[in-house]
Amino acid sequence: VILAAVNTIDTPSVAYHALTPIFIVLGAALLGVIVEAIVPRAERFNVQLFVTIAGLGGALVSVGLLHNAALTTPSPTGNDPAFAGTLAVDGVGLFLQGTILILAVMATLLVAERSVDVGSPIVASAAVVVGSPIDRMLSRSNRVQTEIFPLLLFAVSGMLIFPVANNLLVMFVALEVLSLPLYLMAGMARRRRLLSQEASLKYFLLGAFASAFFLYGLALLYGYANTVDLPGIFDAQRTSSKSDVLLYVGLALLLVGLLFKASVAPFHSWTPDVYSGVATPIAAFMASCTKVASFGALLRVLYVGFAGVRWDWRPIIWAVAIASMIVGAVFGVTQTDFKRVLAYSSIAHAGFILVALVAVTKDSIAAVMFYVVTYGFTTMAAFGLLMLVRDADGEATHLSLWSGLARKSPLLATVMTVLLLSMAGIPLTSGFIGKFYVFRAAWQTAGPLVVIALLASAIAAFYYLRIVVLMYFAEPPENAPTVAIPGWSASVALTVGVAVTVVLGVFPQPVIDLASKAAVLVAR
Amino acid sequence: VKNFFGLVLLLEFFMIGVFTATDVFLFYVFFEAMLVPMYFIIGSFGGPRRQYAAMKFFLYSLVGGLLMLASVIGLYVTTGSRTFAITDLIGKVPDNATQKWLFLGFFIAFAIKAPLVPFHTWLPDAGAEAPAGGAALLVGVLDKVGTFGFLRYCLPLFPAASRYFAPTILILSVIGILYAAFVAIGQRDMKRLVAYTSVAHFGFIGIGIFAFTTQGGSGAVLYMVNHGLSTGALFIIVGLLIARGKSRNVADYGGAARVTPILAGLFLLTGLSALALPGMSTFVSEFLVLVGTFTRHEGLAVLATSGIILAAIYVLYLYKRAFQGTVNEKVTKFRDLNAREVFAVAPLLALIIFLGVYPRPLLDIINPAVTATLQYVHQTDPVPKLAPVAGGQK
């Protein structure tokens, strides 16, 4: 009898192969921790860089292989949801994982940039008290800190799980796995360390609140649906006899958590402070990879778990989309710091992505996927360029210092102009194509929202152009910053970012095809 | 300087693209991309307030462009034809409120570009601050995209909406003709003056198009060509004068005709073409536009005709202030035009006079196209009325 009972215990059927990208990144992260312990200091940087790039690259290759398999051998229910349905490794998930991995490689290359500043952009020892003699000594020395690489890999592994989590508990774990390393990384800027630590604390406190909201929403939804699986919650909307209040309040709280991570207004207030405080490569990583992952999760929650009540959440998404676009566009106009401008720009872009999210169609999934790609690469390159313009205090991010920069470095000014035009959505850049698909997807269901989005992008265009005006038509200031020549790693990252921005502007079809082919969300 | 030529060539590329595109999406891409080189031409090589002018130009055009983008997407979605090719879209737009909204998206973009009053305020700034060559391209060619767009996109794609909005647009155009002419008379800044004359001329093109008659339509198309020639030449000549006097204020000149007779003569010729003197090509087009309008909207045509008188005032008044009267002290040191400068203007003037005497070759090209366009709007020329009958319109 006992034996029979043992035999009937269900072991979850695990399609381990579908999780290879996540395992590879996690494995590389653990390897990085060991490297940190056993490899001598002199060798550590190169070994860590190699492990990180190899881990991300290996994961990228496995995503590619999975993607091919998924597209050629569809099972009756689509692709295999791994782990008994708690993870759904489907077209959307793999596409976003691939995007995150490529962006993470670029971020790693930016972190590894050692030519423009002594050491690296990351503080040599985060635990040393700011302003103490050791700190001053270290800030002038060439010593680098390499824990950042495993931290980055841990964060990436969370980001890889986030968009494929088909179960709210798994999604919460992923949220924490991606957030905790980010809180740490945020505090590790080499220059202006106090600001960086403040940013870290701020991000941590608000992030913890957001996580708590998410968890509370999760609990309410469990009370409603008796399950935390997204498909289960979807079914419960038809069958559950519990009060709808649980459902709506639960969803609202869940959304707070997710919209916070995606820096959507009115949950955006941390964004400018954090982006301007943290080290620039980390800001680039946060602005691009975190956003891709969060929108992936948002997409899955709303489209898989709550597609049945879309009429109820649509007005909310309308409202936050409008708020986000307006806040991003209007407040961006008044900023004087380049990183804050980029922060507000990322808030506005989050609004644009939400515009597509409103229409629950296959087109809108593809539009969101394509938009995060265009946005991610452009933002990554823009932050990367910020690292190059420096004065005695480090990066010269105040806009007044950028005036007349085209005379000093025509190349940098041209590249930045291309990126800014892309953010403004001018044709022949990727930003335009992204906006176009978003607006096309949303036109039928949310025409007025599209018009508002167009007007917001006109306002936002003003501040992008203002920077172009500064760089080209203004006189350089007395204390003009210098333009550093990037080393190989940052050069590669910047080249990729700019190339993608231009190529997707003139020849976007392959990526669009890929996105629309992959725009399949699998529930079970 | 090498940047300037690079930008001009890039601009040429986009402009040729915008006029030849037969795909609404491609048209939009060129329409917006065109702004970038022009923005840098104004911003890098322009006058003292170039930053402001460049920004204003860009933002106005961008807002218009984005509204058009909304309509382009709307066109794609509502017709359901899964294509942007204009030949496949014609006749597919449902005849209802949606069509009016889509029309407005295109119309505002083109009205900003053209520019029609009240969307014109960027042009005096951009025209005045742009370098002479840039201004000639801006007003002479780039702005024609607006009026061209009315004919190529608004009328065939949205016939019902075009008919619905035509009276409003006609009235706006006539207001533009009269208002801009009055403002031009009062201008001291010569380049702003030329820019305002353009606003008035775009009013003529507007009434020509929206009168829905073959004469009006052909006149409007011919007007676009002639206005390009005439205003282009005017901007260049005024630019040459300003290059000598280093001031755009007309009060700094006077009596220049005695010092620089060639410059003065060429100015007078182009000025006369701007006021549509018979014998100049502009006369042909203005006459056609007015005749075409008169057969359908008598009152408006009469009002518009008075614009010609105002044009005579602003051109001749400018000529009097700058080139006649007592010779200003600064003017005495002016050097007359050299061969290169004459060569820049002479071909334009030669064309203006040639087309003024013999416009047939152009009209032969234009007429069939205009007739075809008007068929899309389901409008035929009104039969001339023998006796004044009320309500004789179709």
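**Cavity lining, sheet and helix packing in the predicted model**

Helix H16(A) supplies the largest share of the lining of the largest cavity, namely 4 residues. The structure is a predicted model, in which local features need pLDDT of at least 70 and side-chain atom pairs count only at pLDDT 80 or more, while totals for chains, interfaces and linings use all residues. Residues are numbered from 1 along each chain as its sequence is written, chains are lettered from A and ligands numbered from 1 in the order in which they are written, and side-chain values use heavy atoms, with hydrogens and water left out.

A cavity is a set of points, on a 1 Å grid over the protein atoms alone, where a 1.4 Å probe fits but cannot get out; lining residues have an atom within 4 Å of a point. Grid points are joined across faces, edges and corners, and a volume is the space filled by probe spheres set on the points. On this basis, 5 cavities of 30 Å³ or more were counted, and the volume of the largest cavity is about 70 Å³. Its lining includes His349(A), Tyr371(A), Ser422(A), Met423(A), Gly431(A) and Lys435(A). Two or more lining residues come from each of helix H16 (362-386), helix H18 (410-424) and helix H19 (430-443) of chain A; helices (H or I, at least four residues) and strands (E, at least two) are DSSP runs, numbered from the N terminus. The lining comprises 3 nonpolar, 6 polar and 1 charged residues, where Ala, Val, Leu, Ile, Met, Phe, Trp, Tyr, Cys and Pro count as nonpolar, Asp, Glu, Lys and Arg as charged, and the others, Gly among them, as polar.

Chain A also contains an open, antiparallel sheet of 3 strands in the order S2-S1-S3, strands being paired if DSSP finds at least two bridges between them. Strands S2 (394-395) and S3 (482-483) of chain A stand at the edges with a single partner strand each, so one side of each is left without a neighbour in the sheet. Strand S1 (residues 389-391) of chain A is joined to S3(A) by 2 bridges, and Val389(A) has Val483(A) as its bridge partner in S3(A).

In chain B, helix H1 (residues 2-20) packs on helix H8 (residues 132-142) at an angle of about 0 degrees, with the axes 12 Å apart. Axes are lines fitted to C-alpha atoms, for helices over the stretch in contact, and angles run from 0 to 180 degrees between N-to-C directions. H1(B) and H8(B) are therefore roughly parallel, a term for angles under 35 degrees. Contact (heavy atoms within 4.5 Å) involves residues including Phe4(B) and Phe19(B) of H1(B) and Leu137(B) of H8(B). The contact residues divide into 8 nonpolar, 1 polar and 1 charged.

Cis peptide bonds join Ala114(B) to Pro115(B), with omega about -20 degrees, and Val117(B) to Pro118(B), with omega near 5 degrees. Pro115(B) lies in the loop between helix H6 (97-113) and helix H7 (122-129) of chain B.

Technical notes:
On a 1 Å grid over the protein atoms alone, a cavity is a set of points where a 1.4 Å probe fits but cannot get out, and a pocket is an open set with protein on both sides within 12 Å along at least five of seven lines; lining residues have an atom within 4 Å of a point. Angles under 35 degrees count as roughly parallel, over 145 as roughly antiparallel, 65 to 115 as roughly perpendicular and the rest as oblique.
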